[in-house]
Amino acid sequence: MQQQVIEGFRPSPQQQRLWRLQDGCAAGMAQCVLALTGDLRAEVLEQALSAIVARHEILRTRFERLPGMEMPLQVVSSEPLLDFRAIALNDGAVNLEALLEQERGTPGMDRGRFTLVSTGLGSLLLITLPALLADPRSLDNLAAEIARAYRAVQLGEEHPEPLLQYVQFSEWQNEVLEDAGAGDAREFWDRQRLAGGGINTLPLEALSLPETRGSYPASLARFACAPAAGAACQVERVAREHGASLEAFLLACWGGLLARLSGSPDVSIDVFFDGRKVAELAEVLGPLGRFLPVGLRGVDGRPFARTLGRVEANLAEAR
């Protein structure tokens with residue numbers, strides 16, 4: 001019996017985490033919408049997107065798991081795969097949420113899609129990529145690169161190759177975890193998480209066994225609510241008056257709510273950091289970000305100004 005041979009690369013620690021989270025659930029997606037202005041030519045945009053996909057291996061990556069393997073391999077295709085489509089809507093009113101949900105639910109969505117939506121009011125580009133291939137910063141980088149690539153195609157110019165491919169970053173991250181000092185680093189962050197109260201249980205939350213903790217049910221839903229008129233300006237004003245960032249202000253509010261709901265004055269919140277402090281990583285596409293525990297002690301019961309200052313300091317330390 002002939003054995004199947006697949007040449008690939010180990011997934012990064014970030015991809016391994018995402019793979020475990022989506023086990024048995026719908027795959028997570030990274031999405032954004034770009035408003036396109038000016039005299040847009042769809043064929044030029046498609047050429048620009050094809051060039052970007054050809055340059056970035058992560059956009060040509062699929063995941064293959066052989067029998068007996070817990071984790072899949074990253075397999076980079078040599079072909080410039082691209083799922084691009086253009087649709088026209090006669091109605092000027094566009095339901096973006098419905099369009100994005102439709103893109104997320106497209107059967108066979110294993111490598112993402114670029115959808116050009118033309119309306120009477122202008123054009124939109126919907127970008128939907130598996131979370132295994134992109135994080136929020138990747139979408140920002142991709143938007144900037146689309147603008148540069150579109151101009152390069154128009155002018156017949158060459159667009160520079162990326163400084164670093166994602167598999168190079170992935171191998172570096174795995175080597176760091178295999179280093180002798182990696183155990184000390186894990187213990188440090190475990191202590192940070194426990195210092196914030198560890199794992200808090202919320203009302204009506206089903207207790208989970210340790211071996212399943214961290215997994216999400218297939219019925220996990222999204223909930224969105226619009227803030228009251230003027231609330232954003234008020235939040236920015238209060239944060240500015242206390243010399244705090246908007247991120248710290250919102251995190252302090254969230255921590256206070258969790259503390260009250262869980263009945264514990266100490267909470268630990270995993271906060272996302274994009275992982276691109278090094279200049280060579282600034283424009284890399286792919287999931288580089290990671291969640292680090294930010295502990296909030298005595299968040300419910302002390303003056304909000306003191307809590308806000310402590311949150312800002314903890315965020316800076318974690319960063």
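Predicted model: local features only at pLDDT ≥ 70, side-chain atom pairs only at ≥ 80, totals over all residues.
Local features need pLDDT of at least 70 and side-chain atom pairs pLDDT 80 or more, while totals for chains, interfaces and linings use all residues. Residues are numbered from 1 along each chain as its sequence is written, and side-chain values use heavy atoms, without hydrogens and water.

A nonpolar core is a set of buried Ala, Val, Leu, Ile, Met, Phe, Trp, Tyr and Cys residues joined through side-chain atoms within 4.5 Å; buried means under 20% relative accessible area, exposed over 50%, and partly exposed in between (1.4 Å probe, protein chains only). The largest such core has 30 residues, and L45, F114, L125, I127, L142 and I146 have the most contacts inside it. Among the elements giving it two or more residues are strand 1 (29-36), helix 2 (42-55) and helix 4 (136-155); helices (H or I, at least four residues) and strands (E, at least two) are DSSP runs, numbered from the N terminus. Helix 2 supplies the largest share, six residues. Another core, of 19 residues, lies apart from it and includes L308 and L315.

Both L308 and L315 are among the buried residues of helix 9, as are T307, V311, N314 and A318. The face turned away carries exposed R306 and E317.

F304, also in helix 9, pairs with F249 in helix 8 (residues 246-262), 55 residues apart. Rings of Phe, Tyr and Trp (its six-membered ring) pair if their centres lie within 6.5 Å; planes under 30 degrees apart count as stacked, over 60 as edge-to-face and the rest as tilted. With centres 5.5 Å apart and planes at 75°, the F249 and F304 pair is therefore edge-to-face. F249 is buried at 9% relative accessibility, whereas F304 is partly exposed at 35%.
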